[in-house]
Amino acid sequence: MIAKLISSLRAPVLAVAAALLLCSLALIISDANPISAFGAMIGQVNENTSAVDILNSTAIYMIAAIAAAIGFHMNLLNIGIEGQYRIGAVVAVIVGSAISLPGVLHWLVVLLVAMLAGAAWAALPAFLKVTRGVHEVLSTIMMNSIAAGLAAYLINPDVFGRLVGSSKSTEELPESAWVSGLDLGDRGEIFGLVLLAAAVAVGYWFMMGRTRFGFELKASGESPTAALAGGISSTRMIVIAMLMSGAVAGLIAMPEILGRDHVFTQNFTLGYGFAGIGIALIGRNHPVGIVFGSLLWAFLEKSKLALDDVHVPREIATIMQGTIVLAVVIAYEIVKRMDRAAEQRSVGRRAAAAELVSADAEAAGEK
Amino acid sequence: MANPLATLGDSATFIPAAPARRRLPAWATAVIAIVAVFGVLTITSILDDQPLLTSSGIMSNTITFALPIMLVGLGGIWSERSGSINIGLEGMMILGTWGAAWGGYNWGPVGALVTGAVFGALGGLVHALATVTFGVNHIVSGVAINLLGAGIARYLSTLIFEPITKNARDSPQIPRFDSFQLLPQGMSDSLQQLERDQSPVLSNLAGVVRGFLGEISPLLIISVLLLVGSYFVLWRSPFGLRLRSCGENPVAAESLGINVYRYKYIAITISGAFAGLGGAVLVLGAKVAAYTEGQTGGRGFIGLAAMIFGNWRPGGMLAGAGLFGYADGLQLGGTSEAVHALLYGAAIAAGLAAVWQLYRRKVRTAVLLAMVAIAVYALYYVTDELPEELVSYTPHIVTLIVLAFAAQRLRPPAANGVPYRRGEGD
Amino acid sequence: MDATTGDVPGDEPADVPAVRLAGITKRFPGVVANQDVELTVRLGEVHALCGENGAGKSTLMKILYGMQPPDRGTIEVGGQLVRFRSPSDAIRAGIGMVHQHFMLADNLTVQENVVLGAERLHGIGRRARARISELAAATGLTVDPSTLVEQLGVADRQRVEILKVLYRGARIIILDEPTAVLVPQEVDELFDTLRSMRAEGYTFLFISHKLDEVRAIADTVTVIRRGTTVGSVNPKEVTSRQLAEMMVGSELPSPETRLSTVTENEVLRVQGLRLDSADGRTLLRHLDLSVHAGEIVGIAGVEGNGQTELVETIMGMRKASAGEVFLGERNLTKASTLARREAGIGYIPEDRTRHGLLLTQPLWVNRILGHQTREPSFRGALLNIAGARSDTRRIVNEFDVRTPSIDVAASSLSGGNQQKLVIGRELSGDPVLLIAAHPTRGVDVGAQAAIWDQIKDARANGLAVLLVSADLDELIGLSDTIKVMFSGRFVADADPANVTPEDLGSAMTGATAKDAETDEEGLPVVEHDQAGGES
């Protein structure tokens with residue numbers, strides 16, 4: 001069990017080390033001190049609200065990564081998570097501020113609407129894929145751009161929005177829709193919906209490992225032909241996976257909106273979608289890997305501010321993120337090949353030994 | 001990008017195949033397509049009173065916007081013909097825009113082109129390393145390169161541009177190429193007059209001619225040469241044959257002594273160079289010739305869509321690039337009424353397509369297209385103009401529509417995206 | 001014979017062998033593919049190399065063609081010692097290889113496929129085309145060189161492969177299982193081509209396990225077993241049976257069975273089944289089929305005549321255009337694949353790597369595939385992992401699947417063991433109907449015998465079996481009744497008790513004697529003494 005854990009950690013550890021090396025090189029080239037840069041990055045965790053911010057971000061990244069991972073299991077690259085969570089957020093806030101329900105029910109409904117909106121935004125790419133064979137990478141990227149336009153249109157004061165100063169925003173969510181968190185005073189406030197992220201993670205782990213659907217999803221993604229012979233329709237799986245991915249994606253902005261902002265504005269946070277894809281790749285779509293990957297990513301994001309203080313371009317952190325993703329997938333390929341060769345050797349040895357045994361028996365006994 | 005749903009092929013080799021349909025020669029299809037498109041646009045501009053649709057300004061915009069898309073599409077063709085899906089073209093294009101700004105700042109417009117291409121090629125090299133040597137999934141590698149490209153460009157900007165412009169998002173302006181007039185001044189003036197006259201068909205024609213042929217930029221010439229050159233290299237030379245075989249059946253190529261790895265590396269690197277070049281052309285053709293963060297705006301992906309639209313051939317891809325370039329040019333240079341008029345044009349086009357399908361006796365498709373025509377016309381009729389927030393994404397919407405309809409008759413290279421390892425053949 | 005001998009002065013040219021392999025040894029991780037192989041091929045002869053699947057023939061030929069280097073041993077071509085680092089070296093030495101699975105790019109033309117890699121010889125334009133036309137005559141290829149390969153039938157594709165080899169100046173040609181995909185008529189044409197080319201001085205090395213054909217065309221036969229040479233013989237002096245025993249090393253296992261267990265209980269009924277492809281071809285035409293409990297119905301036919309489509313339509317993987325499928329009383333025509341499996345159909349697919357297994361997953365995960373809604377893999381509303389694991393252990397024991405554990409990936413198992421696992425899985429869950437498509441393809445002899453026994457046992461217990469196979473001996477030995485399929489329809493019936501492979505072979509080409517007797521279904525019955533009257 002421990003051995004298995006260590007062997008599955010080989011690749012990511014190797015990759016992170018490689019990425020550290022490359023980024024140190026980049027820093028040295030640009031006349032900065034890698035040690036003080038990394039030192040600043042690590043040191044800032046303890047300052048102000050950093051630790052809590054990292055925790056909050058980790059929760060959000062986890063949701064994004066799980067959305068991506070569900071797609072990945074079915075060999076679908078849902079690049080559209082960016083657009084799906086944007087639409088999920090804007091529609092959920094608009095609907096949420098238009099209705100009124102008692103406390104818990106209100107924000108539960110808002111969450112539900114976010115999921116439905118996200119799934120709806122993923123529906124067209126899913127439909128195009130199964131009926132016309134359009135590759136989901138292209139269609140979802142287009143949907144992302146259109147989502148930006150649609151969201152901007154929806155928060156236009158003439159439509160569903162209002163002007164706050166000179167920027168556009170939705171109406172504010174009534175307090176019954178707010179989700180309170182854990183206030184740690186100077187250290188910041190932990191979003192209440194961090195628990196949502198945890199619930200999604202547990203649900204994901206359970207679904208993939210223990211349910212028939214999870215099995216069918218993995219089988220379909222690995223070999224659509226074998227799955228077809230095994231009674232699994234890949235068309236059905238593609239649609240369900242995309243919709244589910246979109247639904248989970250819809251939740252990404254909810255912790256921030258329900259716990260802190262209570263509105264959707266022009267200055268909406270971008271980039272969670274791509275982060276989710278990267279983290280799912282780092283964590284190999286595995287729930288535990290995703291948790292650690294999210295933590296790492298959140299840490300790197302937060303450290304950008306610290307880098308500013310030591311006059312190192314904060315993009316180093318972005319490059320680190322990209323390099324880690326690339327390094328991890330390469331490392332996984334290498335490790336996979338090594339493992340497969342080892343396994344074949346071991347099976348071959350056993351088969352050869354068995355052959356010797358039966359050949360001896362043949363020689364010794366009757367012809 | 002192979003259709004993953006095509007799981008069950010036909011093993012039935014002894015059952016006689018359907019008779020092959022006669023195909024028109026490529027130039028005939030091209031002429032028909034051009035006439036058809038011009039026809040639809042002209043009719044729309046007349047009936048909807050939107051002379052902008054075929055105005056010289058918009059036409060010249062079309063070229064400006066189509067060129068980067070075309071170069072990226074060319075890059076896509078080089079890569080995918082060798083069997084490697086290259087989603088990272090956007091990232092390579094971003095690197096190209098940065099490189100072009102830096103090169104242009106130091107060495108003028110030629111420097112911009114060269115440096116842009118080199119930066120893009122470096123991105124391609126990384127993609128090749130990941131996919132060919134390490135066998136990483138093509139699309140995953142592409143996504144990673146998009147992330148990296150954006151990050152590196154931003155990083156280098158803060159390092160090199162910020163000290164100059166005090167703004168990490170923009171580079172200093174770089175010198176452009178001088179364009180030259182192809183038409184003699186007198187002819188150009190009379191065309192302009194004709195255009196202003198707003199007489200049906202003639203004015204439209206005048207607008208198109210003046211827009212396309214009026215001012216020719218060296219960028220256009222270079223791009224066209226590269227396009228034609230790519231066709232000849234890929235389809236008429238031994239090098240190109242070998243490269244294409246790597247994308248059709250790499251195991252067969254290997255069995256004939258071809259070093260598949262080498263050809264893929266070359267193809268992917270060239271593909272990156274083209275994407276970088278596309279970025280350079282984007283910078284040189286922009287209103288302000290400089291690098292701006294986020295400049296590419298998804299054109300790397302639109303170029304891929306153009307490639308798919310063109311069935312992985314340069315000619316068709318050019319048509320796709322033209323289509324997207326036109327949409328881009330119209331939304332940037334025109335009015336939202338003009339874009340709104342496109343709906344009208346789309347309805348007409350769908351209607352014509354329905355009639356054509358009826359002629360080919362594909363009744364179901366014809367009915368579907370007719371329904372689409374009616375729906376689009378209804379949309380046009382009900383609205384006065386499209387929301388301006390959405391109008392800026394016209395090219396993306398057009399891309400989606402094109403993908404939806406073009407997908408069926410496609411024939412990507414047979415081994416596209418299939419991981420290949422030497423010696424694992426039968 | 002000294003393994004390191006180079007050119008020996010004084011030899012007559014006719015004595016110098018075209019090819020001599022001496023002491024060739026090749027190991028892969030865990031497997032010894034070739035051990036001390038000796039092979040001598042005379043100039044201008046057709047030399048056959050025979051052996052079981054997995055005996056090492058393919059590896060040996062890959063070594064000769066430069067695709068793999070030998071660990072030990074020497075290769076001589078025309079008396080000269082050579083070392084091949086890649087196929088280009090072998091091609092330069094005059095050796096060409098026609099692979100079993102054609103190495104052709106469908107989207108490229110015949111001309112492009114032929115000149116690929118050899119562009120320096122005659123360019124890629126007019127000169128190349130002229131040279132191709134010259135050589136095409138020798139191979140019997142008549143199509144225009146600018147035809148796309150995907151439009152060619154199997155026999156023409158093979159001709160293109162031979163053309164490729166001739167274009168590069170090969171004088172020694174290796175043919176890897178060339179008749180595997182050919183109809184008997186096409187086999188005759190191929191052999192005629194070989195004979196006329198042999199007369200012009202070409203040398204052929206012919207890999208096959210079809211012993212009758214080998215005896216018809218070869219001048220010498222070398223038998224390989226378990227990676228080593230067993231011996232070389234003159235095929236005119238031995239019988240097929242003797243050759244087979246050389247290949248296997250012991251008494252041939254025989255699937256023969258005479259005790260009838262057929263009942264009246266109809267399990268599978270197919271009525272008027274019709275399948276049209278997307279581009280308008282009719283793949284299956286009005287098929288009627290009936291399989292009873294305790295009966296094995298065999299389907300004979302050359303690959304590509306609709307057998308795959310028939311099996312996939314019965315399994316629900318393809319949607320029938322017309323007709324019905326009944327399992328007992330249940331009409332399954334509109335049912336999904338999963339529903340059909342749950343109703344009691346087990347399926348052994350013809351390509352286990354594509355349709356039967358998830359190669360990167362451990363064995364116990366593969367146990368669940370196809371059975372993910374039933375015991376023991378599924379209980380209540382969730383997967384029962386413990387149940388799946390313990391049942392996998394049972395299958396490994398009962399079906400003799402050789403593996404270190406149930407946690408290894410399926411790809412690590414040998415073909416035979418993979419197949420045994422699939423069969424074990426499909427026979428679990430008490431099926432009423434088993435569809436077995438080429439159940440012993442790519443499986444070594446020992447496993448083959450075991451698989452036949454398992455199928456026979458299941459049949460004795462009342463299982464209905466639909467057997468599709470290209471192995472005529474297997475078909476004749478196992479089936480209670482045989483139907484011959486051609487071009488998407490059943491064209492003849494045969495009684496395995498008194499039909500031979502040759503009779504079946506000609507019926508499989510669609511030719512049946514005009515005065516043949518017909519059975520209740522109106523189909524001609526293939527009879528043994530029709531040998532003389534075929535058209």
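Predicted model: local features only at pLDDT ≥ 70, side-chain atom pairs only at ≥ 80, totals over all residues.
Local features are described at pLDDT of at least 70 and side-chain atom pairs at pLDDT 80 or more, while totals for chains, interfaces and linings use all residues. Residues are numbered from 1 along each chain as its sequence is written, and chains are lettered from A in the order in which they are written.

**View 1. Chain B meets chain A.** Here, 39 residues of chain B are in contact with 44 residues of chain A. Contact means that the C-beta atoms of two residues, placed from the backbone, lie within 7 Å. On the chain B side, the elements that give two or more residues are helices H4 (138-165), H11 (299-309), H15 (388-391) and H16 (394-406). H4(B) gives the most, with twelve residues. Helices are DSSP runs of H or I with at least four residues, strands are runs of E with at least two, and both are numbered from the N terminus. By class, this side of chain B has 27 nonpolar, ten polar and two charged residues. Ala, Val, Leu, Ile, Met, Phe, Trp, Tyr, Cys and Pro count as nonpolar; Asp, Glu, Lys and Arg count as charged; the others, Gly among them, count as polar.

**View 2. Chain A meets chain C.** This contact takes 27 residues from chain A and 35 residues from chain C. On the chain A side, helices H8 (212-222), H9 (224-229) and H14 (315-364) each give two or more residues. H14(A) provides the largest share, twelve residues. By class, this side of chain A has ten nonpolar, eight polar and nine charged residues.

**View 3. Helix H13 of chain B.** The helix covers residues 336-359. Its expected span is 1.5 Å times one less than its number of residues. The 24 residues should therefore span 34 Å, and the end C-alpha atoms are 35 Å apart, which agrees. The buried residues of H13(B) include Ala338(B), Val339(B), Leu342(B), Tyr344(B) and Ala354(B). A residue is buried if 20 or more other C-beta atoms lie within 10 Å of its own, exposed if 12 or fewer, and partly exposed in between, with C-beta atoms placed from the backbone. Arg361(B) follows H13(B) and has a positive phi, near 65°.

**View 4. The largest nonpolar core.** The core has 398 residues. Such a core is a set of buried Ala, Val, Leu, Ile, Met, Phe, Trp, Tyr and Cys residues joined through C-beta atoms within 7 Å. Those with the most contacts inside the core are Ala64(A), Ile66(A), Ile316(A), Val328(A), Ile435(C) and Val484(C). Helix H3 (residues 89-133) of chain B gives the most to this core, with 20 residues. Ile66(A) touches Val200(A), Ala201(A), Tyr204(A), Val248(A) and Ile290(A), not counting residues up to four places away in sequence.

**View 5. Two loop residues of chain A.** His262(A) lies in the loop between helix H11 (254-261) and helix H12 (272-282). His262(A) is not a glycine, yet its phi is positive, about 65°. With 20 C-beta neighbours inside 10 Å, His262(A) counts as buried. Arg284(A) sits in the loop between H12 and helix H13 (287-309) of chain A. Arg284(A), also not a glycine, has a positive phi of about 60°. Arg284(A) is partly exposed, with 18 other C-beta atoms within 10 Å.

**View 6. Chain C and its domains.** Chain C has 18 helices and 23 strands. Of its 535 residues, 50% are buried. Chain C is divided into domain 1 (101-167) and domain 2 (266-351 + 429-530). These bounds come from an automatic or database domain assignment. The centres of the two domains, taken over C-alpha atoms, are 37 Å apart.

**View 7. Strands E6 and E7 of chain C.** Ile95(C) and Met97(C) point one way from strand E6 (residues 95-98), and Gly96(C) and Val98(C) point the other way. All four are buried. Four bridges join E6(C) to the parallel strand E7 (residues 172-176). Strands pair if DSSP finds at least two bridges between them. Gly96(C) stands opposite Ile173(C) in E7(C).

**View 8. An open sheet in chain C.** Its four strands have the order E12-E11-E14-E15, with antiparallel pairing. The edge strands are E12 (282-292) and E15 (330-331), and each pairs on one side only. Two bridges join strand E14 (residues 322-327) to E15(C). Phe326(C) has Asn331(C), in E15(C), as its bridge partner.
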